[in-house]
Amino acid sequence: MKASSVDEAVRAQERAMLDDIASQLAGFGKERRNLIPILQMVQERHTYLASGALKMVAEHLQTAVCEIYGVATFYNQFRFHPPGKHHIKVCLGTACHVRGGDIILENFERKLGIRDGETTPDREFSIERVVCVGCCALAPVAIVDENVHGQVAPSKVEGLVLGFQIEKEKEEREKQENESGR
Ligand code: FES
């Protein structure tokens with residue numbers, strides 16, 4: 001997909017999300033005690049708290065956006081970026097940290113051009129650091145789309161990302177071929 005059509009699709013998705021949040025907000029009172037339930041509702045329905053959504057919540061509760069943001073960032077249950085199509089979790093528990101988990105995280109960040117907690121602009125990839133995922137014998141560990149990868153080396157990071165990129169190019173080529181064959 002070209003960058004402009006990706007942007008268009010993302011904008012349309014965001015508009016639909018904000019419309020949905022506006023209709024849901026009507027069911028909540030304007031009291032401050034509704035803040036956490038509202039944030040949970042937004043995340044449950046849309047997987048993250050977009051800045052536009054936080055602005056709407058602030059308007060609904062007649063309070064400053066920075067105050068809403070302050071409360072939301074206090075709880076680590078809330079996400080501020082949409083999860084990518086491929087979500088990468090890098091374990092930084094003790095065993096993984098000792099075996100170079102932070103180097104693996106850095107490799108994913110450098111390769112994808114995003115930091116921990118962020119999503120690539122085309123929403124293909126997101127990265128999250130996690131604590132022990134329970135398979136320390138395989139350290140360092142990364143979980144990609146729920147598949148566990150053990151003894152991850154920097155070359156494996158390259159290979160994983162490259163594999164997804166090749167898969168995406170193939171899908172786009174097939175899509176274009178189907179469209180031109182219509
Ligand atoms: S510390 Fe990474 S799996 Fe336990």
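A residue is called buried if 20 or more other C-beta atoms lie within 10 Å of its own, exposed if 12 or fewer do, and partly exposed in between, with C-beta atoms placed from the backbone. The model is predicted: local features need pLDDT of at least 70, side-chain atom pairs count only at pLDDT 80 or more, and totals for chains, interfaces and linings use all residues. Residue numbers start from 1 along each chain as its sequence is written.

The protein chain is divided into domain 1 (3-74) and domain 2 (86-180), with bounds taken from an automatic or database domain assignment. A distance of 28 Å separates the C-alpha centres of domain 1 and domain 2.

Helices (H or I, at least four residues) and strands (E, at least two) are DSSP runs, numbered from the N terminus. In helix α3 (residues 51-60), the buried residues include Ala53, Leu54, Met56 and Val57. These residues lie on the same side of α3 because they cover an arc of only 160 degrees around the axis, the arc being that of the directions from the helix axis to the C-beta atoms.

A nonpolar core is a set of buried Ala, Val, Leu, Ile, Met, Phe, Trp, Tyr and Cys residues joined through C-beta atoms within 7 Å. The largest such core has 17 residues, and those with the most contacts inside it are Ile88, Val90, Ile104, Phe108, Ile127, Val141 and Ala142. Two or more residues of this core come from each of β1 (86-91), α6 (101-112), β2, β3 and α7 (154-180). Helix α6 gives the largest share, four residues. Apart from this core lies another, of 13 residues, among them Ile21, Val42, Ala50 and Met56.

Two residues are in contact if their C-beta atoms, placed from the backbone, lie within 7 Å. Leaving aside neighbours within four places in sequence, Ile104 is in contact with Val90, Pro140, Ala142, Val152 and Val157.

Val131 is found in the loop between β2 (125-130) and β3 (142-144). Val131 is exposed, because 10 other C-beta atoms lie within 10 Å. Its contacts, neighbours within four places in sequence aside, are Leu92 and Gly93. Val131 and His97 are 34 residues apart in sequence, and their C-alpha atoms are 9.7 Å apart in space.

Ile166 is found in helix α7. Ile166 counts as exposed, because it has 10 C-beta neighbours inside 10 Å.
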